[in-house]
Amino acid sequence: MSLTFDEALASKKFLQVESPYTVRCRENCGRHSQGTAFLGPALQRGGVYELTFKVDAKPGRMHYFFGIASEPFDKDAGYQEIQSRSYSLENLYASVHCEGSCGTKSTPLFHTGSVVAMRVDLVKFAIQFDVDEKRVAS
């Protein structure tokens with residue numbers, strides 16, 4: 001299954017889908033409204049998925065997330081809603097948010113130039129993240 005970005009599944013306020021594989025942030029977001037881009041189609045139970053993202057640029061000191069959610073949420077949701085509605089790695093926290101904040105802030109886990117790999121196992125219901133080939137959370 002090929003997962004791609006689609007304009008219909010991305011924040012029009014903050015993000016630009018340049019191609020099925022590239023999303024650009026047009027402007028800094030605030031804490032109460034972040035731009036989210038969902039990949040499609042939805043992941044299926046019983047599947048195992050490996051996704052890799054290259055971070056070419058990160059404007060400002062915004063909250064950046066890579067993760068999965070059991071269902072889509074507001075594409076302009078604030079960071080607290082993203083934390084509470086997803087299993088995600090956020091650049092300013094020490095571990096994975098599991099439908100709630102992990103609660104431990106950290107120095108940034110990924111930077112411009114980082115490669116973030118995400119393995120989603122919907123057989124065992126597990127997720128793991130590697131940043132620049134180093135395991136940061138599972």
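Is Asp 130 buried or exposed? Asp 130 is buried, at a relative accessible area of 17%. Buried means under 20%, exposed over 50%, partly exposed in between, with a 1.4 Å probe and protein chains only.

A word on the source. This is a predicted model, where local features need pLDDT of at least 70, side-chain atom pairs count only at pLDDT 80 or more, and totals for chains, interfaces and linings use all residues. Residues are numbered from 1 along each chain as its sequence is written, and side-chain values use heavy atoms, with hydrogens and water left out.

Back to Asp 130. Asp 130 sits in strand S10, residues 126-131. Strands here are DSSP runs of E, at least two residues, numbered from the N terminus. The Asp 130 side chain makes a polar contact with the side chain of Arg 135, at 2.6 Å. That term means a pair of N or O atoms within 3.5 Å; within protein, one must be able to donate a hydrogen and the other to accept it, and residues adjacent in sequence count only if both atoms are side-chain atoms.

Now the sheet. Its four strands run in the order S5-S9-S10-S11, open and antiparallel. Strands pair if DSSP finds at least two bridges between them. S5 (48-54) and S11 (134-137) are the edges; each has a single partner strand, so one side of each lacks a neighbour in the sheet. S9, residues 115-121, pairs with S10 over six bridges, in the antiparallel sense. Across that pairing, Ala 117 has Asp 130 as its bridge partner in S10.
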